[in-house]
Amino acid sequence: MSETSGSEEWSGSPGDTTAALAVLGDESRRRLFEYVRRAGRPVTRDEASAAVGISRKLAGFHLDKLVAAGLLRTGHAHRGARRVGRAAKVYEPSPRTLRMSLPPRRHELLSSLLSEAVTAHRPDESAREAAVRLARERGEELGAEARGADLIAFLRSLGFEPADAGGGRTVLHTCPFHPSSAHSAHLVCGMSHAFLRGCLASSGHDRTTTAVLAPRPGRCCVELRTTDRPDGAPDTVGPAPDADDPPCARDLRP
């Protein structure tokens, strides 16, 4: 048995996650990692090296790299009370779970809002209306936390990928609401629009920047329009879609 116990959540930054996954680029290291995970018990360096067919010294090198990356953890095997010498070092999987998305996204945001909408809609509103309202409220909550912060950095932290498109337009190449938009565009894009409007309002950016529905292939259905006039924000609905636009654009035609 290993002396290590307990569990912990992976709290590394996206850069830390990328580095951890890069460690698995070496074939021998990846095979060692897979062996330790499948073993179902702590394993020694000798066991791991024999299983993969490499020297004990090389196995130790790779195992320690996996430990340093947070993918494995170490302990020492318990030995009988009368056994002499240091207990063998053993390796076992880290309880950390690595998840990676490029760019970082927050898919749980959509699922949590949809789940809440099922039970939280008011008597005078449909489930869709509840989902859009809740998205706006969640946007307001997060926007309030980032009041005064840089808007572009804030959007990136939420899982969007903003890019300057010129003319006061900021397009969003990714969106945390995206995974289900192809199946229920009118709902999901409406939630994204409401969410961003709430973020802008609470963060203090809504006097010069407006979230606009402007669906186009390969990006979020919403883009931002910025004006220099604090009282002259652009309309909240973008140009009418044409026949070449994706289904969500046609669904959201004003």
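**Entry 1: His-186**

I began with His-186, which is found in helix H8, where helices (H or I, at least four residues) and strands (E, at least two) are DSSP runs numbered from the N terminus. This is a predicted model, so I kept in mind that local features need pLDDT of at least 70 and side-chain atom pairs count only at pLDDT 80 or more, while totals for chains, interfaces and linings use all residues. Residues are numbered from 1 along each chain as its sequence is written, and side-chain values use heavy atoms, with hydrogens and water left out.

**Entry 2: H6 and H8**

Two packed helices are described by the angle between their axes and the distance between the axes. The axes are lines fitted to C-alpha atoms, for helices over the stretch in contact, and the angles run from 0 to 180 degrees between N-to-C directions. For H6 and H8 I noted axes that come within 6 Å and cross at roughly 30 degrees. H6 and H8 are therefore roughly parallel to each other; angles under 35 degrees count as roughly parallel, over 145 as roughly antiparallel, 65 to 115 as roughly perpendicular and the rest as oblique.

The contact (heavy atoms within 4.5 Å) includes Arg-128 of H6 and His-186 of H8, the pair from my opening entry. By class, this contact of H6 with H8 has 11 nonpolar, seven polar and five charged residues, where Ala, Val, Leu, Ile, Met, Phe, Trp, Tyr, Cys and Pro count as nonpolar, Asp, Glu, Lys and Arg as charged, and the others, Gly among them, as polar.

**Entry 3: H7 and H8**

Next I turned to helix H7 (residues 151-158) and helix H8 (residues 185-203), which pack at an angle of about 140 degrees with their axes 12 Å apart. That makes H7 oblique to H8. Leu-151, Phe-154, Leu-155 and Leu-158 of H7 meet Phe-195, Leu-196, Cys-199 and Leu-200 of H8, and by class this contact has eight nonpolar, no polar and no charged residues.

**Entry 4: the largest core**

A nonpolar core is a set of buried Ala, Val, Leu, Ile, Met, Phe, Trp, Tyr and Cys residues joined through side-chain atoms within 4.5 Å. Which residues touch the most other members of the largest nonpolar core? Of its 29 residues, they are Phe-160, Phe-195 and Leu-196. I noted that H8 gives the largest share of this core, eight residues.

Leaving aside neighbours within four places in sequence, Phe-160 is in contact with residues including Leu-155, Ser-192, Phe-195 and Leu-196. Ser-192 is found in helix H8 and is buried, with a relative accessible area of 2%.

**Entry 5: H2 and H4**

Last, I looked up helix H2 (residues 27-39) and helix H4 (residues 56-68), which pack at an angle of about 75 degrees with their axes 9 Å apart. H2 and H4 are therefore roughly perpendicular to each other. Among the residues that meet are Leu-32 and Phe-33 in H2 and Phe-61 and Leu-63 in H4; by class, the contact has seven nonpolar, two polar and two charged residues.

Technical notes
Buried means under 20% relative accessible area, exposed over 50%, partly exposed in between (1.4 Å probe, protein chains only).
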